[in-house]
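Hello,

Here is the structure we talked about, with the sequence alongside. My notes on its side-chain contacts follow below.

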Amino acid sequence: MASEVQEEAIALFKSAFDSEPTAGAFAPGRVNLIGEHTDYNDGFVFPMALHGKVCVVVGRPTDGNLCRVVTSAPVTGPSRYEFKRPTPENPLEPSDKPEWFSYFLGVVALIDSNRGNIPSFDAAIATSVPLGGGLSSSASLEVATFTFLEVICPQLKRTDLAEKALICQSAEHKFAHVPCGVMDQFIATMGREGHALLIDCRTPPTGQLVEFNDPDTVLVVTNSNVKHNLGTSEYPKRRATCEEAAKILQKPALRDCDLALLESHRDQLTELQFRRARHVITECERTTAAVSALKAKDMKRFGQLMYESHESLRADYEVSCGELDYLVKLAREVDGVYGSRMTGGGFGGCTVTLVRKENVDALIKHIKECYPENRATCFVTTAGAGTGSLTV
């Protein structure tokens, strides 16, 4: 799958710029196994990089001061843009252009802090990460762009992967205006094949690789094909509500709270603040418990925690939707399924289901037969690698 995306990007580059690319890079999408809407609350998340679902950027340095970029992704608005390379005298500023370009532009601006080291270049982008599916198409683009720029301009290379991830996160904040946490950029940067990554999102964030390569168990990601846009959705409202609740509880973040503390302040919180905080507190507990279950190879326990996570996201955090709830219900009905939950920001997107390998076909068949108009798309995945350069 990754090679197909690379071939698509190369073909697009040749068609758009009538030349051959000399450099390339990729970064994966991700699926969050458990730990949703906890990252911006200084909590714990447990994602893995998706094997074969990647964003690829290919290109070459050019003469002059013009940078040109084109994408084959099904984006809103134009698929090609040009801009002057950043210099101290003419730094890049946030754009009102479509999001895909804002993610790209933000990384170009911040990787060098507009010091003038970035050469002009042509670049082509292709991706197999579904847009708006909750699998982090944005972070895969940001990190792939960063790695591509490191390849064409080696003095930009970062040895500290956390720094690289944080620059990409800042690009999303400042240029795409999405107040995301650190999870997506961390796993795209630090993922390792056969492992998930437990991320402690407290500043400075840290990651712990956990082996996840049971040969009898796989993950099925199911796209509801209901799309969301975090920049204009309820995401910022939930973040603000969590910050308000933590302030009332007199803690730096909800990660520092437990249910006893929350209950003791119930009369000081609105019902909405209480439920939002209850989700974050219990989700942090579920995430660390899920890591312990995985280390013990207790897939039944891990799956139960996934179901509990989904219910909390549905009832307390209210970021699920009817389509996602139905997909989880369908998964429950199939033998060999350990657990299922929505994954990503919510309001559409995907579910992730932990299932015995021998029952995968039955699960996908059941979903295809029951989901309205056969609109759901499924793929089987295992834990893949983080970002890297490509030979083009």
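**Aromatic rings**

Ring pairs join Tyr 81, Phe 83, Trp 100, Phe 101, Phe 104, Phe 121 and Phe 148 into a cluster. Please keep in mind that this is a predicted model. In total, the structure holds 10 aromatic pairs. In one of them, the ring centres of Phe 83 and Phe 121 are 6.3 Å apart and the planes meet at 75°, so this pair is edge-to-face. Phe 83 belongs to strand S4 (residues 80-84) and Phe 121 to strand S5 (residues 121-127), so the contact ties together parts that are 38 residues apart in sequence. Phe 83 counts as buried, at 8% relative accessibility, and Phe 121 is buried too, at 0%.

The charged end of Lys 53 sits over the ring of Phe 379, 4.5 Å from its centre. For Arg 266 the ring is that of Phe 274, and the distance from the charged end to the ring centre is 3.9 Å.

**Salt bridges**

A search of the whole structure gives 25 salt bridges. Lys 164 forms one with Glu 150, with the closest N and O atoms 2.9 Å apart. Lys 164 is in helix H4 (residues 161-175) and Glu 150 is in helix H3 (residues 137-152), so the pair ties together parts that are 14 residues apart in sequence. Are these two residues buried or exposed? Lys 164 is buried, with a relative accessible area of 4%, and Glu 150 is buried at 5%.

Asp 200 forms a salt bridge with Arg 255, where the closest N and O atoms are 2.8 Å apart. This pair links distant parts of the chain, 55 residues apart: Asp 200 is in strand S6 (residues 195-200), while Arg 255 is in the loop between helix H6 (235-248) and helix H7 (259-264). Arg 255 is partly exposed, at 21% relative accessible area.

Arg 286 forms a salt bridge with Glu 283. Both are in helix H8 (residues 271-295), 3 residues apart, so about one helical turn separates them. Arg 286 counts as buried at 10% relative accessibility, as does Glu 283 at 0%. Elsewhere, salt bridges that share partners join Glu 263, Arg 266, Glu 271, Arg 275, Arg 276 and Glu 318 into one network.

**Cysteines**

How many disulfides does the structure hold? It holds 0 disulfides. For Cys 242, the nearest cysteine sulfur is that of Cys 284, 10 Å away. The sulfur of Cys 284 has its closest cysteine sulfur in Cys 201, at 8.5 Å, which is too far for a bond. Cys 242 is buried, with a relative accessible area of 1%, and Cys 284 is buried at 7%.

Regards

Note on methods: Residues numbered from 1 in each chain as written. Predicted model: local features only at pLDDT ≥ 70, side-chain atom pairs only at ≥ 80, totals over all residues. Heavy atoms only, no water. Phe/Tyr/Trp six-rings, centres within 6.5 Å; stacked < 30°, edge-to-face > 60°. Helix = DSSP H or I, 4+ residues; strand = E, 2+ residues; numbered from the N terminus. Buried < 20%, exposed > 50% of the residue type's maximum accessible area, 1.4 Å probe, protein only. Lys NZ or Arg CZ within 6 Å of the ring centre and 35° of its normal. Disulfide = S-S within 2.5 Å. Salt bridge = Lys/Arg side-chain N within 4 Å of Asp/Glu carboxyl O.
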